[in-house]
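Dear colleague,

I am passing on the structure we spoke about, and below it I have set out what was found in it. Please read the notes with the structure open beside you.

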Amino acid sequence: MLFALVVFSIFSYPLEANAQENGEGKIVYIIPIENTVERGLEAFIRRATNEAIEASADHIIFEINTPGGRVDAAQNIGEILQDVDIETSSFITVKALSAGSYIALNTDNIYMKPQANMGASGVINGDGTAADKKAQSAWIANMTGAAKSKDRDPLYARAMADAGVDLPELGAPEGEFLTLDAQTAMEVNYANAIVNHRTQLLLELNLSNAEVIESELTFAEHIARFLTDPVVVPILLSLASIGLIVELYSPGFGIPGSIGLLSLVLFFYGHIVAGLAGLEAVILLVLGIGLIIAELFVPGGILGFVGIGAMTGALFMSTDDVGHMAMSIGIALLASILVSVVLFKTMGYEKGLFRHIILQDATTTEKGYVSSTNRLELIGLVGKSITPLRPSGIGVFDGERLDVVTEGSFIDTDQPIQIFKVEGSRIVVKYINE
């Protein structure tokens with residue numbers, strides 16, 4: 001009996017070892033990192049990694065295909081990856097550029113498809129210009145720090161972010177950012193292996209028989225990623241401002257106002273889901289809108305200015321990139337000013353809400369209002385001056401005393417004068433020789 005147990009153990013051990021080598025009984029999470037890196041992606045990765053931790057996953061694979069994006073979002077994602085105790089791998093399917101390369105450097109392993117590349121990680125502003133030296137220095141330190149944390153040569157990470165590094169043998173002479181293709185990444189020990197697809201990657205990781213769980217963006221996260229995109233934010237704010245401006249020129253409350261309010265709702269919804277905005281920002285926004293509405297019924301302008309300030313404050317409270325938010329608000333303000341000028345020239349204040357809050361009546365001559373009597377019948381009358389005209393004085397015409405003025409010449413008392421021009425209350429006379 002004992003002999004049989006020993007024989008069974010000897011023959012079953014290779015089977016158990018083979019099962020362990022193929023990852024049987026293990027759990028692998030696949031988390032996609034696609035499109036622009038922004039705060040919505042950060043919120044998704046935080047949720048997905050927490051789910052992997054709660055499920056006691058044995059490995060997390062990040063499938064990366066991104067052109068880069070926001071530095072702050074990439075830094076936060078890097079912190080998330082550094083805090084995960086589970087082994088992590090990046091699988092670069094197409095490209096991991098800029099912020100994408102930083103995310104890859106924060107994982108334990110990097111695998112690449114044959115045509116994939118990573119690098120080109122210089123920091124640029126929203127307008128396409130190079131960031132200031134302070135921001136560049138901090139980013140270079142982040143890149144090299146990420147490489148060091150995973151025992152990779154920091155020189156190549158620095159060359160990805162610093163164009164001053166001279167690596168002509170890798171196609172990155174001074175003045176160019178380093179971009180590594182799959183083969184070169186292998187040569188500098190940045191890539192563990194080149195694989196053609198996920199199945200081959202799992203085989204390389206000895207996880208071919210592991211349970212694979214794919215994390216997917218929820219509908220709300222899809223919306224949040226789109227709405228927090230740096231390009232979409234100024235568009236939403238512009239639509240909000242233009243919609244509300246057009247509504248002022250429209251009778252009732254219609255499509256323009258609905259578009260404006262919907263744009264504001266979408267902006268705050270996306271930023272709340274992404275974890276950028278809180279309840280306090282929403283309360284401040286509602287307070288600002290209420291004060292602006294109250295301004296329509298309370299004269300003075302103070303409530304309106306406070307309301308605008310409250311709404312602006314709510315926008316700044318919903319971002320951690322003050323510069324980008326200031327630029328977005330500036331774009332929206334410029335767009336609303338242009339639309340206001342066009343609408344004023346074409347429609348004036350005679351339609352929409354303005355007709356209720358702006359006085360339209362005018363005391364015009366056509367409506368019978370005159371500021372003074374224009375006595376044109378006096379022209380041609382002859383009289384005499386009863387005071388010296390220097391050049392103004394008094395004259396008498398057909399027994400009526402009138403205040404008169406000459407065109408500049410002096411006329412003495414008791415001189416014959418004639419009225420030749422009447423302009424409102426101004427009666428102009430000249431000396432005549434009888």
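In which helix is Glu247 found? Glu247 belongs to helix 10, which covers residues 232-248; helices here are DSSP runs of H or I with at least four residues, strands are E runs of at least two, and both are numbered from the N terminus.

Before going further, please keep in mind that this is a predicted model, in which local features need pLDDT of at least 70 and side-chain atom pairs count only at pLDDT 80 or more, while totals for chains, interfaces and linings use all residues. Residues are numbered from 1 along each chain as its sequence is written, and side-chain values use heavy atoms, with hydrogens and water left out.

The chain has 15 helices and 13 strands, and of its 434 residues 41% are buried (buried means under 20% relative accessible area, exposed over 50%, and partly exposed in between, with a 1.4 Å probe and protein chains only). Among contacts (heavy atoms within 4.5 Å) with a separation of 6 or more, 61% are between residues 24 or more positions apart.

To return to Glu247, it counts as buried because its relative accessibility is 8%, and its C-alpha is 9.7 Å from that of Ile259, which is 12 residues away in sequence.

Asn109 sits in strand 4 (residues 109-112) and is buried, its relative accessible area being 10%; leaving out residues up to four places away in sequence, Asn109 touches His59, Glu87, Thr88, Ser89, Ser90, Arg152, Asn192 and Leu205. Asn142 and Gln75 are 67 residues apart along the chain, and 7.9 Å separates their C-alpha atoms.

Three aromatic pairs were counted, where rings of Phe, Tyr and Trp (its six-membered ring) pair if their centres lie within 6.5 Å, and planes under 30 degrees apart count as stacked, over 60 as edge-to-face and the rest as tilted. Tyr156 and Tyr190 form an edge-to-face pair, because their ring centres are 5.8 Å apart and their planes stand at 90°. Since Tyr156 lies in helix 6 (residues 154-161) and Tyr190 in the loop between helix 7 (182-187) and strand 7 (193-194), this pair ties together parts that are 34 residues apart in sequence. Phe267 and Phe268 also make an edge-to-face pair, at 5.0 Å between centres and 85° between planes, and both Phe267 and Phe268 are buried.

Finally, the lining of the largest cavity divides into three nonpolar, five polar and two charged residues (Ala, Val, Leu, Ile, Met, Phe, Trp, Tyr, Cys and Pro count as nonpolar, Asp, Glu, Lys and Arg as charged, and the others, Gly among them, as polar). Among the lining residues are Arg39, Arg70, His271 and His324; a cavity is a set of points on a 1 Å grid over the protein atoms alone where a 1.4 Å probe fits but cannot get out, and lining residues have an atom within 4 Å of a point.

With best wishes

How values were computed:
On a 1 Å grid over the protein atoms alone, a cavity is a set of points where a 1.4 Å probe fits but cannot get out, and a pocket is an open set with protein on both sides within 12 Å along at least five of seven lines; lining residues have an atom within 4 Å of a point.
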